[in-house]
Amino acid sequence: MRNPARSLVPVSLVTLMALLAAGCSTPAATTATASAAPARGASYPDWSGQWQRIGSLNWPPEGYEVAGPAPLTPEYQAIYEQNLALRAQGILAGDPPATCLPPGMPRMMKMSFPMEIIITPAITYIYADWESQIRRVYTDGRAWPEYILPEFNGYSIGTWRDDDNDGRFDTLAIETRGIKGPRSIDSSGVMLHSNDATVVFEEIFQRDANTLENKITTIDDAFTRPWTINQQYSHVTDNIIWVEYVCAEGNRHIQLGDEWYFLNDDEGILEPTRAGQPALVPASPVPASP
Amino acid sequence: MSSIRPRAVVPALLFFITLSFATLASAHHSTAIYDSEHPVELAGTVVEWKFTNPHCIIVLDVTAADGSVQRWNIEGGNTSGLFRSGWTPATLQPGDQILVTVRPLRSGAFGGNFSNPRRANGEPVVAVPAGR
């Protein structure tokens, strides 16, 4: 059971120290920044169309030159290694979306599937085809709410910047808090901390005509320091295809306690995934004929 | 049709093809739970083709060497990637004879993750992208 009071102050002491060490804004300072009204007269970039992930489904190797692999604490390094050992047995550990949970932040921004960005003055919507997830990034100058209801994608406040002073916004800076778990950074088996005190900073800008870049800094108590990854997305403008994604429709991976099963709905059986594990055959609800 | 199980010798090429498909198919979850070191070649008859997320599913009847029929449930890519590659819900029909490479469940149950789907003549199931 989650303690609702925890989310009143979603940034832990460790996280706060990491924020300061990283030179990031403190929550209070960020609130002040986010409260600044958008510059009048500045226009917004055209990020319409479709954006597709550049690189593999997991964060390494791209971004390695910036950050290296996730800097895990000894506790979470041990959890990671345990997850790998369990997978080698056939147990799908350390990958919550396998049960159709959404990836959450920051994994969502890996964009396993294409992304659409819809910019309005008050809110920028970031739509991910994977799990049909949407983020609302509030750019209306609001302060952080007194209570943030934890959600997988968190609560995001953004600020548009005109870094080159040409009268046109070019960078969307975002801070996201109140992120619900369980979450992994990707499908590698690296988990984020179960205290769900993650804070994610992003800077999204257009690298060139066909490339959008997101500098993502994740601060989490599973890490020894803030972890920054640069994720790029390529622009699709012609023959854009969007495909509905309903995970519950055909998911085969069932977790019951510590056991995992592979659904064989054709025969009504939960097949074992590891050696020595018995199949689970539910009793039929239909009474046997006399 | 019979199943072929090259468990003793796995050609390196087949192994890398399997791994590359794994990258395409693993958006939903890690595929480390499957036995990538012991892929099996299955030849069988399509019972059902499910064009669904998070993975498509082929229900495939495979006649084993002893004459018994094994009913395999094998998952592949997602509808987004498949549709962009030319697959649709009508690509496979019950009764189609196909060949697939399968990384099986480590439990030995007749399930796994498929790659390199081919028609009985060895041609790729889908040759020309239809979604473009």
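The model is predicted, and local features need pLDDT of at least 70, side-chain atom pairs count only at pLDDT 80 or more, and totals for chains, interfaces and linings use all residues. Residues are numbered from 1 along each chain as its sequence is written, with chains lettered from A and ligands numbered from 1 in the order in which they are written.

Start with strand β4 of chain B, residues 97-104. Helices (H or I, at least four residues) and strands (E, at least two) are DSSP runs, numbered from the N terminus. Seven of the eight residues of β4(B) are buried, so the strand is largely enclosed by the rest of the structure. Buried means 20 or more other C-beta atoms within 10 Å of the residue's own, exposed means 12 or fewer, and partly exposed is in between, with C-beta atoms placed from the backbone.

What does β4(B) pair with? Strand β1 of chain B, residues 40-50, runs antiparallel to β4(B) and is joined to it by six bridges; two strands pair if DSSP finds at least two bridges between them. There, Thr45(B) is opposite Gln97(B). Strand β5(B), residues 111-119, also pairs with β4(B), antiparallel, over six bridges, and Leu99(B) has Arg118(B) as its bridge partner. β4(B) and β5(B) make a hairpin with six residues between them, and Gly108(B) in the turn has a positive phi of about 95°.

Now the nonpolar cores. A core here is a set of buried Ala, Val, Leu, Ile, Met, Phe, Trp, Tyr and Cys residues joined through C-beta atoms within 7 Å. The largest has 43 residues, and Leu72(A), Met115(A) and Ala128(A) have the most contacts inside it. β7(A) gives the most to this core, four residues. Beyond its neighbours within four places in sequence, Met115(A) is in contact with Trp51(A), Ile126(A), Tyr127(A), Ala128(A) and Tyr233(A); contact means C-beta atoms, placed from the backbone, within 7 Å. Another core, of 33 residues, lies apart and includes Trp260(A), Leu60(B), Trp87(B) and Val102(B).

How values were computed:
Contact = placed C-beta atoms within 7 Å.
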